[in-house]
Amino acid sequence: MTFNPLAETGIPLDQQLRTWSELNVEPYDTRSVDPYTRCRIIVMNGAEMESQWFSHQFARHCPDLDIKRKLAEGRRIEQQQQKVCNWLIPATEDVLEVTIGYEQVAVDLTAWIARQEPDPYARQAYEFGLLEDFDHLYRYANLLDLKNPRKAAELVGELTEIMPGRPTIDEHRHPHDDIRKPLSKDGDPRSVMHAMTITAAEQQTMNFYNNVGNRPEDPLARALYLEIAQIEEQHVTHYESLLPPDTTWAERLVMHEYNECWLYWSFAQTETDPRIKQVWETHLAMEIEQLKAAVELAKKMDGKDPTAMLPDTLPEAMTFETNKDFVRKVLHEQVNLTGNLTEFVPVSELPAENRYAWYREQVNGTGPVPSEEIIDRHRQETGDEYRLETEGPHPVEALRNKAAE
């Protein structure tokens, strides 16, 4: 199925405002929600948040009051769309349960994008980050198992395995080693859309952990959120540096709107909950006209038609699906990599004196490191650690569960 949002008719901009009661939507049922419905909601919440903050930054760098007004109009609608997405998450789903959803998004969204990515360097960047979020899921799942009667396996629907990735203790890198080479704006548009999507998702995860990480009473839980929130900041740096830096503000606005059209269209194709499918379809109809408005604004600002940088039709629909075999393959091949400026290299190939070792010494010190401590506590209190290994033993022998052997 092909879809060109610029050739479609959406909801006129002056009809997109909604009342408070329309925005205050009924949350999903935590006991029956499809795990990937939860994931789609988290992604669109992040995409809408990113769109708003981009628009704010655009406005802060724009002297033209008429353009500021246009941006404010669009931003108000984006705010309403974000509220609907975020308000679908119920209060009965506690912070740790939502956290498991965030990390399932990070694993299966990143894995899908890595599998589809046409640019070899960007693909490597996604595979690199994938293993780190995969490890975060494992750490939080062990915390959840100590604090909550629900198991992480129930929350992820056994669609995503839970076991160590690149250990979080090994993810702490010097800031210079999280900068990546940018994509070309003249390359495949899918690459830019992938980078925008992952950047938005990781930024929302970072913001979520920054805001909720101080809510637990348990000092170790607070410490785990603190540590992983720092890694999420690294991931935002890692992914945002892939974005082409030579596009204009107006071109970026167009790409934001086009990317949201792609995501809403994708999720409308695959959503299993009829009520939430309607949300995606409604927001797609809104984004179609927001995209057209962005195109006209770009023509006015840049004096050229920005649609030349867009594909004729939307790319293949982004699909949440199980990626167990792919994740295991990447684990087996890349768990020992780290960053060295813009490249990815085995830790063993770094020079004797290096930024990586120095930085880890500064932040990890002599311990304890929260991401390691949570596993130790789980072993002490239960005699084992929490894992969900549906496809057999861990593909990396050094990371196998010794207590279970």
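Start by selecting Gln 81 and everything around it: leaving aside residues up to four places away in sequence, Gln 81 touches Gln 16, Arg 18, Glu 48, Glu 260, Tyr 264, His 283, Met 286, Glu 287 and Gln 290. Keep in mind as you click around that this is a predicted model. Color helix H3, residues 65-87, and you'll see that Gln 81 sits in it. Is Gln 81 buried or exposed? Buried, with a relative accessible area of 0%.

**Into the core**

Next, bring up the largest nonpolar core, which has 111 residues. Select Met 44, Ile 100, Leu 109, Tyr 126, Ile 162, Trp 280 and Phe 320, the ones that touch the most other members. Which helix gives this core its largest share? That's H5, with 14 residues.

Pick Ile 162 out of that set and show its surroundings. Setting aside residues up to four places away in sequence, the contacts of Ile 162 take in Leu 137, Tyr 138, Ala 141, Ala 152, Ala 153 and Val 156, and also Tyr 386, Arg 387, Leu 388 and Glu 389.

**H11 and what covers it**

Now go to helix H11, residues 324-334. Show the side chains of Lys 324, Phe 326, Val 327, Arg 328, Val 330, Leu 331 and Gln 334; they are buried.

On the H5 side, select Gln 124, Glu 127, Phe 128, Leu 130, Leu 131 and Phe 134; on the H11 side, Phe 326, Val 327, Val 330, Leu 331 and Gln 334. Color the contact by class and you get 8 nonpolar, 2 polar and 1 charged residues.

**Cysteines**

Jump to Cys 39. Its closest cysteine sulfur belongs to Cys 85 and lies 14 Å away, too far for a bond. A disulfide would need the two sulfur atoms within 2.5 Å, and the count of disulfides comes to 0. Cys 39 counts as buried, at 0% relative accessibility. Select Cys 62 too: this one is also buried, with a relative accessible area of 6%.

Last, switch to the backbone for a few stops in the loops.

- Glu 158: look in the loop between helix H6 (152-156) and helix H7 (189-212). Phi here is near 55°, a positive value in a residue other than glycine. Glu 158 counts as partly exposed, at 44% relative accessibility.
- Leu 341: move to the loop between S1 and strand S2 (343-346). Leu 341 isn't a glycine, yet its phi is positive, about 55°. At 45% relative accessibility, Leu 341 is partly exposed.
- Pro 368: find the loop between helix H12 (355-364) and helix H13 (370-382). What kind of peptide bond joins Gly 367 and Pro 368? A cis one, with omega about -5°.

Note on methods. Residues numbered from 1 in each chain as written. Predicted model: local features only at pLDDT ≥ 70, side-chain atom pairs only at ≥ 80, totals over all residues. Heavy atoms only, no water. Buried < 20%, exposed > 50% of the residue type's maximum accessible area, 1.4 Å probe, protein only. Helix = DSSP H or I, 4+ residues; strand = E, 2+ residues; numbered from the N terminus. Core = buried A, V, L, I, M, F, W, Y, C linked by side-chain atoms within 4.5 Å. Contact = heavy atoms within 4.5 Å. Nonpolar A, V, L, I, M, F, W, Y, C, P; charged D, E, K, R; others polar.
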